[in-house]
Amino acid sequence: MPTILGQNQYGKAENRVVKITRDGATHHIKDLNVSVSLSGDMEEVHYSGSNANVLPTDTTKNTVYAFAKEHGIESAEQFGIHLARHFVTSQEPIHRARIRIEEYAWERIEASDANSQFIGADEVKHSFVRKGQEVRLTQITYDGTSWEVISGLKDLVVMNSTNSEFWGYVKDKYTTLKEAYDRILATQVSGRWRFNWTDDDQRMPNWEKSYEQTKKHMLQAFAETYSLSLQQTLYQMGARIINNRSEIDEVRFSLPNKHHFLVDLEPFGLKNDNEVYFAADRPYGLIEATILRDGCEAKIPVELTNL
């Protein structure tokens with residue numbers, strides 16, 4: 001039976017690059033995990049094994065490290081744009097480049113005493129502790145003409161200890177869950193947002209400021225929404241971002257409900273007045289949705305966020 005080649009791509013995955021920028025005695029860290037995927041005229045390497053159009057994946061790895069030196073890492077997005085443009089414009093067989101980047105944040109260690117003989121004031125400028133709050137993400141796709149930039153984050157764990165209810169839901173003979181009028185709402189946010197910057201003639205967003213502000217609006221919406229369902233909170237988080245960030249047209253969230261169940265303390269003669277909970281890690285409810293600017297089309301792939 002005849003066969004034909006379908007979608008294909010290749011590249012070097014998870015290139016770990018750490019760039020130290022030395023501004024005098026003050027140092028700055030960018031810590032990235034960069035994955036490169038290339039596609040184009042690659043039929044022959046699959047059909048006959050000819051590597052005539054193949055840029056070695058080892059070369060793509062070397063390019064990541066060389067570009068960290070040549071261009072620096074202003075932001076994950078800007079670094080991905082440099083890489084994608086290079087691969088598409090420098091290699092005729094390559095028609096499309098997709099760069100996925102995870103960024104791991106570091107913060108400075110504060111000295112306990114600037115006059116200490118062991119920890120001087122200067123140490124603050126080059127000593128860091130890895131931040132464990134979330135992993136920043138971006139995906140850059142370039143086809144030689146247009147750009148698609150989808151950024152986001154994962155592993156951001158948030159909790160409201162009150163101002164959350166869940167009641168009025170459908171009940172059948174298998175329903176055992178009790179209605180809750182004051183519950184903990186907690187989730188581990190996986191989110192992506194798509195920028196409306198698509199070509200070089202447009203003004204490029206300030207990637208660093210955009211990320212900081214998007215995360216701020218997301219967290220504020222989570223904290224300020226009196227939640228009757230996690231779905232409602234998710235929608236408010238996405239709507240707050242779109243209403244406040246004109247450079248973003250689409251937001252997609254995958255929010256696992258990190259359930260907290262009240263522990264029955266009556267066997268011990270104790271009353272549990274919404275104080276002691278059992279934190280269940282699985283199974284968990286999984287709430288996913290896309291929020292769009294009116295008139296825009298959904299383009300964020302579902303697999304970027306779903307678990």
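Tutor: Let's settle one term before we start: a contact here means heavy atoms within 4.5 Å. This is a predicted model, in which local features need pLDDT of at least 70, side-chain atom pairs count only at pLDDT 80 or more, and totals for chains, interfaces and linings use all residues. Residues are numbered from 1 along each chain as its sequence is written, and side-chain values use heavy atoms, with hydrogens and water left out.

The unreviewed UniProt entry puts "binding site" at T57 and N257; its positions follow the numbering used here, feature names are shortened, and annotations may be inferred rather than shown by experiment. These residues are spread over 201 residues of sequence, and also in space, with up to 39.1 Å between C-alpha atoms.

Take T57 to begin with. T57 lies in helix α2, which covers residues 57–70 (helices are DSSP runs of H or I, at least four residues, and strands are runs of E, at least two, numbered from the N terminus). Setting aside residues up to four places away in sequence, T57 touches Y10, G11 and K12. T57 has a relative accessible area of 25%, so T57 is partly exposed (buried is under 20%, exposed over 50%, partly exposed in between, with a 1.4 Å probe and protein chains only).

Now turn to N257. N257 belongs to strand β9, residues 248–257. With a relative accessible area of 9%, N257 is therefore buried. Again leaving out residues up to four places away in sequence, N257 touches R183, A186, L230, Y284 and G285.
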